[in-house]
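Have the structure open as you read.

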Amino acid sequence: MQQPDNKLYYLWQQYLSGRATGQELNELMEAIGDASRDDENIQLFQQAMQKYPAGAGLTDDTQSEMWRRISERAGSGRQPVHRVHFLRKWGWAAAVLILLCSGAYFWMTAPKGPKTVTLEPQPADVLPGSNKAILTLADGTTITLDSAANGAIAQQGNSSVVKLANGEIRYDLKGAASGGVMLNTMSTPAGGQYQLTLPDGTRVWLNAASSITYPAAFVTKERKVKISGEAYFEVAKDKAKPFVVDVNGQASVEVLGTSFNIKAYADEEATRTTLINGSVKVRNNATSVVLSPGQQGVSSDRQLAVINNANVEQVVAWKNGIFDFNGLAFQAIIKDVGRWYDIRVKYEGEVPAFKLKGKMDRGVKLSDLLRFMKGFGLQVRLEGRVLTIKQ
Amino acid sequence: MSNIDLHSDRELFRRIAQSDMQAFSTLFQIYSKALYWHALKLMHSEFWAEELVQDAFVQLWMKRSSLSDIENPSAYLFRIVANKALDRIRRHELEIKMQYVAANALHNVTGEAPGKQDGWDSIKELLNTAVERLPDQRKRIYQLKYKEGYSYEEIAEKLSISKHTVRNHMAKALEDIRSFLLEHRDFLLLLLYMIGYF
């Protein structure tokens, strides 16, 4: 049987294999929560179950025990059935059960979903960011990527722009790269993130409020791209064509086949390039330095410093759907949080100076995060998209 | 599935529709293991898998008059169980999540990535607290089953009580644990989120 190529099927596979992450489990539970999708869910579940044909588990003993209980409960039906009487009796039970269950269901699922019945006025919750971005083609056409259908969505010279089932954008080069340079830009809003595979096979993860500009086909001697905000790269090896990242038009990073993260938001005091593996050369004005894996290059106005033993896992946590707070100053965390939830943060009085421990899934709703912050004794107030924090 | 199976399944359904208990029993013998396996994969809980399959067969019997029209009995049966499972998951989402976490912790299905230990410990701690608060007998039975991996039979023998009683205690233990988790819903949800991966 052909395997359905969609997100929900993937979630079912993850669930059944026991490998679902917290976020995936939540997404699946949300899909299951919608009873109108039962048909779809059951079909996908049964298809995914074909991988687990041999059913272990039920012992003969338990089986006969189950049969005993079934025949006990079904037993009353052995006599001639007074069907009307029966239906009435069970109809009542069913009605009560449905009432109880729907009560429990509404209660348990109340904080989420559109079915929420709110008794007292409450401000709307702020949802976490999601996969959304805008793709600007060479002729200025823009495509909103959270809504575009899957499949080929544009043609740029010999490259076709394809949107995969998981939402990711990929450039497929058919034939030789030729002709003029067609520059495309992908940009994410605050509260957005996106994934992209460039025409040379280089994979790019774009964090919130970030952008990347690149040619639809790499025809020149260098593979040159330009970014703002934060991006994680897994650069495809091609010794003949060095990969160069231009950061905010100032610093640049020259790559020799490698994975690395660049964080270059305008409201951060420095641009941080963290190398996971391979080798990159970070340039800042006239100075440059070659990083080895685990090192972080910090370029600010006139300086270029290197941090050894950077916490690499923490730096790239965002691309794995996680905030890693461990050891970070409160203010630094809040900057990332603000970009992800698309909120502005104001402090009343002192900026809290403590550091946090722990990690958080990026799927958490803002209200849950705020409750957590209140647990630290902070006073937080959300008005529209402005969050005021008071110690 | 071969035509013969489909034929004999339909024949069984036709006879069940006429209140033939023997046919009903045969159907149970043929399908209960496969249905249980499906339910187990959905619920990550032996207890709920048993319950669902039982419910499905009881429902089948209660509605037997309509069975003679069913075209594909096997598909029909699996569908009833899956429907019941989704329904149960909706009502007990939180518990199923915990069950998923606990089952994976027990069988060590997920290769635990470094740095995920914090979350695991907190989850286990909360579950332990819930179990600690159970009345003595329930606690003992729960622990024998989920910590030591004994079967209901072995537990019954160990404690000199009937298997039926063991199962009833288990049902009440799960109910107690669920209530406790619901009381700590806020904390737990955040915790589940906080660790990112289970």
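In strand 24 of chain A, A:I389 is the bridge partner of A:Y347. This is a predicted model, in which local features need pLDDT of at least 70 and side-chain atom pairs count only at pLDDT 80 or more, while totals for chains, interfaces and linings use all residues. Residues are numbered from 1 along each chain as its sequence is written, chains are lettered from A and ligands numbered from 1 in the order in which they are written, and side-chain values use heavy atoms, leaving out hydrogens and water.

**The sheet**
- Strand 21 and strand 24 (residues 386-390) of chain A pair in the parallel sense over 5 bridges (pairing takes at least two DSSP bridges; strands are DSSP runs of E, at least two residues, and helices runs of H or I, at least four, numbered from the N terminus).
- The open sheet has 3 strands in the order 21-24-23 (chain A), with mixed pairing.
- Its edge strands, each pairing on one side only, are strand 21 (344-348) and strand 23 (379-383) of chain A.
- From one strand to the next, the twist averages 20 degrees.
- Helix 7 (residues 330-341) of chain A packs on the sheet and touches strand 21 and strand 24 of chain A (contact means heavy atoms within 4.5 Å).

**Between the chains**
- Helix 4 (residues 60-74) of chain A packs with helix 3 (residues 46-62) of chain B at about 40 degrees, their axes 9 Å apart (axes are lines fitted to C-alpha atoms over the stretch in contact, and angles run from 0 to 180 degrees between N-to-C directions).
- Residues making this contact include A:M66 and A:I70 of helix 4 of chain A, and B:F57 and B:W61 of helix 3 of chain B.
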